[in-house]
Amino acid sequence: MDTSTTANPMTTPAPETSTIAKVKRPLLNERARTVCGSLVVLILFLASWQWGPGWLGMPEYILPNLSHVLKESVVMWNNNDLLTHFGITAMEVVFGFLFGALLGLAVGVALGLSPRAEAMLSPYILALQIAPKVAFAPLFVMWLGYTIYPKIIVAVLIVFFPIMINVLSAVRTVDPDMVNLVRTLNAGRWQIFHLVEFRSALPALFSGLRIASTLSVIGVTVGELVGGNQGLGYLLVDGEGQGNTAAVFVAICALTLIGIVTYGAVVWAERRVLHYLPKVHTSTV
């Protein structure tokens with residue numbers, strides 16, 4: 001009799017490890033890749049600013065390189081009190097933005113809740129928006145002098161319209177079924193506005209605030225260019241009068257920084273207030 005053992009037909013061979021697909025995790029997540037990409041773009045921009053004018057043969061009085069602008073910023077910091085002028089412009093931007101936002105919110109809600117009032121006042125509001133704000137700046141300087149108030153008023157006029165339009169449209173497009181549902185729960189007029197109409201208008205309000213945060217810097221700069229003896233707009237005009245292109249770039253960069261910080265504050269507040277919405281509604285630039 002053959003005593004040799006036979007293999008069990010039910011026994012299956014172990015799978016080879018080489019045939020198992022290995023899933024590799026990405027080294028960086030999506031957010032980290034986005035940040036790295038932005039940093040690469042920034043580095044390329046700064047490198048082009050530093051060496052590009054020399055390669056193109058541009059003289060310093062037309063386009064100074066980055067190192068020259070940085071040196072000029074140190075000189076302005078020490079001699080022209082750059083920090084004080086920066087703080088004055090930042091204060092004007094904040095106040096102009098806040099007052100314009102509150103005014104636009106109030107008027108947008110009032111007109112949204114009253115179609116008759118919108119029909120009566122919309123031609124005048126439209127005329128105010130069409131009128132160039134630069135033309136008002138000298139008038140405000142004549143009325144209020146070389147103070148911060150003309151700059152704030154110009155910023156308010158520029159900020160007001162986009163917020164008012166966004167809030168007005170949002171209040172008008174509230175879902176009527178939601179309003180009827182709240183009414184069935186014996187909600188009063190204030191409760192309907194607070195729980196339904198105002199909350200429905202919040203996404204549109206923050207969209208308007210994003211636009212207004214950049215426009216407020218433009219409004220203040222226009223006011224300082226027309227009639228200012230303080231602020232970054234004044235430094236910009238002063239540098240232009242002296243033919244100091246690097247000083248002009250320093251003022252422009254400082255104004256850009258104020259706009260970026262203001263915009264970032266609005267985005268931060270939006271994510272805090274609208275945390276219940278999907279990220280697709282709150283993560284756009």
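Visitor: How many helices and strands does the protein chain have?
Guide: This is a predicted model. Along the sequence the pattern reads α-α-α-α-α-α-α-α-α-α. The count for the protein chain is ten helices and zero strands.

Visitor: What share of the residues in the protein chain is buried?
Guide: Buried here means under 20% relative accessible area. The protein chain has 285 residues, and the buried share is 34%.

Visitor: Among contacts between residues at least 6 apart in sequence, what percentage joins residues at least 24 apart?
Guide: A contact needs heavy atoms within 4.5 Å. Among protein-chain contacts between residues at least 6 apart, those joining residues at least 24 apart make up 73%.

Visitor: Are α8 and α10 roughly parallel or antiparallel?
Guide: Helix α8 covers residues 189-227, and helix α10 covers residues 245-273. Their axes come within 9 Å and cross at roughly 165°. Angles over 145 degrees count as roughly antiparallel. The two helices, α8 and α10, are therefore roughly antiparallel.

Visitor: In which hand does α8 pass α10?
Guide: The axes of α8 and α10 cross at roughly 165°. The crossing of α8 past α10 is right-handed.

Visitor: Which residue classes make up the contact of α8 with α10?
Guide: From α8 come residues including Leu202, Phe206, Arg210 and Val217. They meet a set in α10 with Ile258, Gly259, Tyr263 and Glu270 among them. By class, the contact of α8 with α10 holds eleven nonpolar, five polar and two charged residues.

Note on methods
Residues are numbered from 1 along each chain as its sequence is written. This is a predicted model: local features need pLDDT of at least 70, side-chain atom pairs count only at pLDDT 80 or more; totals for chains, interfaces and linings use all residues. Side-chain values use heavy atoms; hydrogens and water are left out. Helices (H or I, at least four residues) and strands (E, at least two) are DSSP runs, numbered from the N terminus. Buried means under 20% relative accessible area, exposed over 50%, partly exposed in between (1.4 Å probe, protein chains only). Axes are lines fitted to C-alpha atoms, for helices over the stretch in contact, and angles run from 0 to 180 degrees between N-to-C directions. Angles under 35 degrees count as roughly parallel, over 145 as roughly antiparallel, 65 to 115 as roughly perpendicular and the rest as oblique. A crossing is left-handed if the near helix is turned anticlockwise from the far one by less than a right angle, and right-handed if clockwise. Ala, Val, Leu, Ile, Met, Phe, Trp, Tyr, Cys and Pro count as nonpolar, Asp, Glu, Lys and Arg as charged, and the others, Gly among them, as polar.
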